[in-house]
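These notebook entries record what I looked up in one structure.

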Amino acid sequence: MTLNLRNLDLAGTQASLAPLGVGPDVGRRLFSVVHRDGATSLTCQTVRGLTKVSAAAINAQAAWPELEIVDRRRAADGFMKYLFRLPDDRVIEAVRIPLPDPAAARELKERRRRGEAPSLAALPTAKYTLCVSSQVGCALGCVFCATGRLGGIRSLQTWEILAQVRLVASEADHPIRGVVFMGMGEPFLNYDNVIRAARVLSDPAGGAISAKAISISTAGIVPAIRRFTDEGHHFRLIVSLGAPTSLQRRSLMPIEGRWPLPELMAVIRAYAEASGQRVTIAYVAIGGADGNTSVAHARDLAALVSGIKVKLNLIDVSDDTGKYQPPTADELSAFRDALTALGAPVVRRYSGGQDIGAGCGTLAASQRGGEACAGGSAAPAGPPDL
Ligand code: SF4
């Protein structure tokens, strides 16, 4: 039987290795060598306390599957999009998002207040967040999303999620300090593998990334949000709304037909109350007459989240089919002002990588023989606009 240690969290590693004579402490060191150091074979030199017999038994069973990086595209603003090939020849994407040192960001904000016009690109990068995929394609079919147009193909295994982080980190010039599950796929339709990957990433002996810097985004799988609440995870929850009314949301996100807004808002409220955490609502901002950023939309949205501990993130839609356009600067500032006047806590995220089509699904779709899926749901969100 094959043993894929890259698929296992700490408890799983210890349980799998116990029959091979490995105790919990050595199991923990071995877990660290696998996930932190990216080991592809184990010896008593690399894992303190591992006996030669146990090492031989593990190596005889172990498989070390790997992703292949097939493309990298760097945007002018420092965002970097990766395309990976999976063992079954499918392709997925991840986007590396540069984050500045907080002190440098504050200084830039101050300069802008003084009337200077430095760009975000002027900020030196201090660390990265990685936006990862959790599935190949996506079954939810949001109309503005290239990944949705691929359809639901399959869920990623835990190791396929973790490999995105490990491979990008291995060639990055700054550490990866955050991970957001907002790439291809609906993370909560791959709940077990996503949570296991998040556990490995946040384990001090694994990725050692703060749980609070790991965000899991969902389009609104209500039973999974309930489960996430009951399990008491410290990862951050992001819920995508897309529209403030059921009528409009149903036209943009078919999931509204399965779990409508009232049910979704009830579980968001329950999560916020149980966790004491502010839930991030990702609002994919669409401009124009058929968009979702009018003052009336602001009123509906403020009413929808009223009394719930949330933070609204406005993220420009990124749809290369051209059907859905991001709001103009005037539309967006009127929308944001209306939300603020109504007391809704709103930030506009910087939507990066526009020149490389960083919205999820765009690169993967183009690898499928140039079919028409050239859009994307939303360009990955970087730091708040400064
Ligand atoms: Fe799936 Fe997210 Fe795209 Fe909707 S926006 S189709 S949930 S990947």
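Entry 1: ring pairs. I took two rings of Phe, Tyr or Trp (for Trp, the six-membered ring) as a pair if their centres lie within 6.5 Å. The model I examined is predicted. By this rule I counted five aromatic pairs.

I then turned to Tyr283 and Phe335. Their ring centres lie 5.6 Å apart with the planes at 25°, so this pair is stacked, the term for planes under 30 degrees apart. Tyr283 belongs to strand S10 (residues 279–285) and Phe335 to helix H12 (residues 329–341); the two are 52 residues apart, and the pair links distant parts of the chain. I found Tyr283 buried, and Phe335 as well.

Which residues do ring pairs link into a cluster? I noted Phe188, Tyr191, Phe228 and Tyr271.

Entry 2: a charge over a ring. I found Arg96 over the face of Tyr128, at 4.0 Å from the ring centre.

Entry 3: the nonpolar cores. The largest nonpolar core holds 89 residues. Among the residues with the most contacts inside this core are Phe188 and Phe228, together with Phe144 and Leu339. I listed the contacts of Phe228, leaving aside neighbours within four places in sequence: Phe188, Tyr191, Ile195, Ile216, His233, Phe235, Leu237 and Tyr271. Another core, of 17 residues, lies apart from the largest one and includes Ala39, Val47, Ala55 and Ile58.

Entry 4: Asn193. Is Asn193 buried or exposed? I looked up its relative accessible area, which is 19%; buried means under 20%, so Asn193 counts as buried. Asn193 sits in helix H7 (residues 191–202). Its side chain makes a polar contact with the side chain of Asn190, at 3.0 Å. Beyond its neighbours within four places in sequence, Asn193 is in contact with Leu156, Gln157, Thr158 and Ile161.

Entry 5: the whole protein. I recorded 13 helices and 14 strands. Of the 386 residues, 54% count as buried. Among contacts with a separation of 6 or more, 68% are between residues 24 or more positions apart. The accessible surface comes to about 16,000 Å², and 51% of this surface belongs to carbon and sulfur atoms.

Note on methods: Residues numbered from 1 in each chain as written. Predicted model: local features only at pLDDT ≥ 70, side-chain atom pairs only at ≥ 80, totals over all residues. Heavy atoms only, no water. Phe/Tyr/Trp six-rings, centres within 6.5 Å; stacked < 30°, edge-to-face > 60°. Helix = DSSP H or I, 4+ residues; strand = E, 2+ residues; numbered from the N terminus. Buried < 20%, exposed > 50% of the residue type's maximum accessible area, 1.4 Å probe, protein only. Lys NZ or Arg CZ within 6 Å of the ring centre and 35° of its normal. Core = buried A, V, L, I, M, F, W, Y, C linked by side-chain atoms within 4.5 Å. Contact = heavy atoms within 4.5 Å. Areas by Shrake-Rupley, 256 points an atom, 1.4 Å probe, with all protein chains shown as cover. Polar contact = N/O pair within 3.5 Å; in protein donor to acceptor, adjacent residues only side chain to side chain.
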